Number of protein chains: 2
Amino acid sequence: MARPRSFDEKQVLRAVRDHFWDAGYAATSLEDLMRVSGLGKGSLYAAFGDKHRLFLTALRAYADENHAALCDIMDSAPRAVEALRLLLTAPVADAETARRGCMLLNTTCELAAADPDVRAEAARTYEKATEMIAGYVARAQREGDIPATADPGALARELLTVRQGLVFMGRTGIDLTALEATARSLADRLLPL
Amino acid sequence: MARPRSFDEKQVLRAVRDHFWDAGYAATSLEDLMRVSGLGKGSLYAAFGDKHRLFLTALRAYADENHAALCDIMDSAPRAVEALRLLLTAPVADAETARRGCMLLNTTCELAAADPDVRAEAARTYEKATEMIAGYVARAQREGDIPATADPGALARELLTVRQGLVFMGRTGIDLTALEATARSLADRLLPL
DNA sequence: ATGGTTATGGACCGAACGGTCAACAACGGG
DNA sequence: CCCGTTGTTGACCGTTCGGTCCATAACCAT
């Protein structure tokens, strides 16, 4: 019927997401996006709308992917309490991950005050994460590793908060050995085994 | 000898800092800075250098002021362990503070990957904060509120990390009542009284 | 009062910004 | 084979960007 697209939508979205992730929203120009995606302005606009819409699309894709990856990592632990430990230790386990930080965290800091869409995405994602973590807490309680008296939702919010703190500290360029030790120690204190 | 300045340097720096704080670095234009400071371009440049130098000056002033304010708050507590509790509960105690977050945290997320000067400022400030906190930990140990076996530096890094996590979560727009409860609960678990 | 010196404010600059558009290219159905 | 439809490309638009510069203003020592 008509000319087919010459690009893979997911691949473009990934390239664009990577640039927003590293450089931030405001510091990324359309020229940057054209370069990393290999597309012309017109194609970018026709396929994804303007810069802001493209950004939100990339952000949402990132948040979903990230959530799925976190679920995978935690699923790999045999006991729920170990999965909860991974929640704290994984984000600082290797240098590249630690330095890059989390795209949602970075852009929330940059834009939360000015952009309701970003706030909404953050709220949505962190609520989903809290529920997921609370599920692991409940399982760890059934497995006898966490006292049954604990409130799964409250503990989940604590762990998520601490995780974000660790992710942020990784972004600052702090010494990674010390940060790993901090993560382990926090896991020891918050998840008495 | 010559014409005197028509503005107060600290006042201008505060106005400029406020705008960078809320809007971020890249999203702030020289026109914004002229508007909030009431100065013309020429005066701004003559007094503070270009946008980036002005930003760094404002950031450093913020970091120093913030550190001093934190010291004041913690000094108000009679026992060191209570000061350490305040480290976690103060940043989420009122809505305005929580929503605004921390300028250094916000800009570190935005610029850490691209701007070595910002990384350096973050490293400098967080090292200073860690030392200050470690001092309180040591005092709390002398006062018998924290086990003498604890490593003050390690505990300080943990508390700072958790504090940053709480500050970040406040910026996301999360429910503040829940966040306060999270802060209190984390304080209870990390600072056994 | 005046001259030396610095501050001020806004005109001005080239470059880069986000966004639009129209001419052209590539495909499939008839 | 050719036409309708959609994708691609790059020229082009007005605006805004950060930064420079200079005529003028305001001050103080003399």
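Student: Before we start, what counts as near a strand here?

Tutor: A residue is near a strand if its C-beta atom, placed from the backbone, lies within 6 Å of that strand. Keep in mind that this is a predicted model.

Student: OK, over to DNA strand D. Which residues are closest there?

Tutor: A:Ala2, A:Ser6, A:Gly42, B:Arg3 and B:Ser29 are the closest, out of 24 residues that surround DNA strand D. H3 of chain A, along with helix H2 (30–37) and H3 of chain B, each supply at least two residues of the surface. The largest share near DNA strand D is 4 residues, from H3(A).

Student: How does that one divide by class?

Tutor: Into 10 nonpolar, 6 polar and 8 charged residues.

Student: Changing topic: what rotation superposes chain A on chain B?

Tutor: A rotation of 180 degrees, with 0.0 Å of shift along its axis, and the RMSD is 0.1 Å. That is the relation of a two-fold axis.

Student: Which C-alpha of chain A is nearest the axis?

Tutor: The C-alpha of A:Gly165, which is 1.8 Å from the axis.

Student: Why say the copies meet through the same surface?

Tutor: Because 97% of the interface residues of chain A are also interface residues in chain B.

Student: Nice. What does the secondary structure of chain A come to?

Tutor: 10 helices and 0 strands. The C-alpha atoms of chain A fill a box of roughly 60 × 40 × 30 Å along the principal axes. Of the 193 residues in chain A, 41% are buried. Among contacts in chain A with a separation of 6 or more, 66% are between residues 24 or more positions apart.

Student: Let's check a helix. How far apart are the end C-alpha atoms of H4 in chain A?

Tutor: They are 36 Å apart, and the 25 residues of helix H4 (residues 51–75) should span 36 Å at 1.5 Å a residue, so the two agree. The buried residues of H4(A) include A:Leu54, A:Phe55, A:Ala58 and A:Leu59. Those buried residues pack against H1, H3, helix H5 (80–89), H7 and H8 of chain A.

Student: And how far does H8(A) reach?

Tutor: H8(A) has 27 residues and reaches 39 Å from its first C-alpha to its last, close to the 39 Å expected. Among its buried residues are A:Val118, A:Tyr126, A:Ile133 and A:Tyr136. What covers the buried residues of H8(A) includes H4, H5, H7 and H9 of chain A, together with H9 of chain B.

Student: What follows H8(A)?

Tutor: A:Gly144, whose phi is positive, near 85 degrees.

Student: Last topic, the largest nonpolar core. Which residues touch the most other members?

Tutor: A:Leu84, A:Leu159, B:Leu84 and B:Leu159 do, in a core of 111 residues. Leaving aside neighbours within four places in sequence, B:Leu84 is in contact with B:Tyr136, B:Val137, B:Ala140, B:Leu159 and B:Leu191.

Student: B:Leu84 sits in H5(B), then. Why is helix H5 of chain B called largely enclosed?

Tutor: Because 7 of the 10 residues of helix H5 (residues 80–89) of chain B are buried. B:Leu84 is one of them, along with B:Val81 and B:Leu88. The cover includes helix H4 (51–75), helix H8 (116–142), helix H9 (152–172) and helix H10 (176–190) of chain B.

Note on methods: Residues numbered from 1 in each chain as written. Chains lettered and ligands numbered in written order. Predicted model: local features only at pLDDT ≥ 70, side-chain atom pairs only at ≥ 80, totals over all residues. Least-squares fit on C-alpha atoms with pLDDT ≥ 70 in both. Contact = placed C-beta atoms within 7 Å. Buried ≥ 20, exposed ≤ 12 C-beta atoms within 10 Å, placed from the backbone. Nonpolar A, V, L, I, M, F, W, Y, C, P; charged D, E, K, R; others polar. Core = buried A, V, L, I, M, F, W, Y, C linked by C-beta atoms within 7 Å. Expected span 1.5 Å × (residues − 1).
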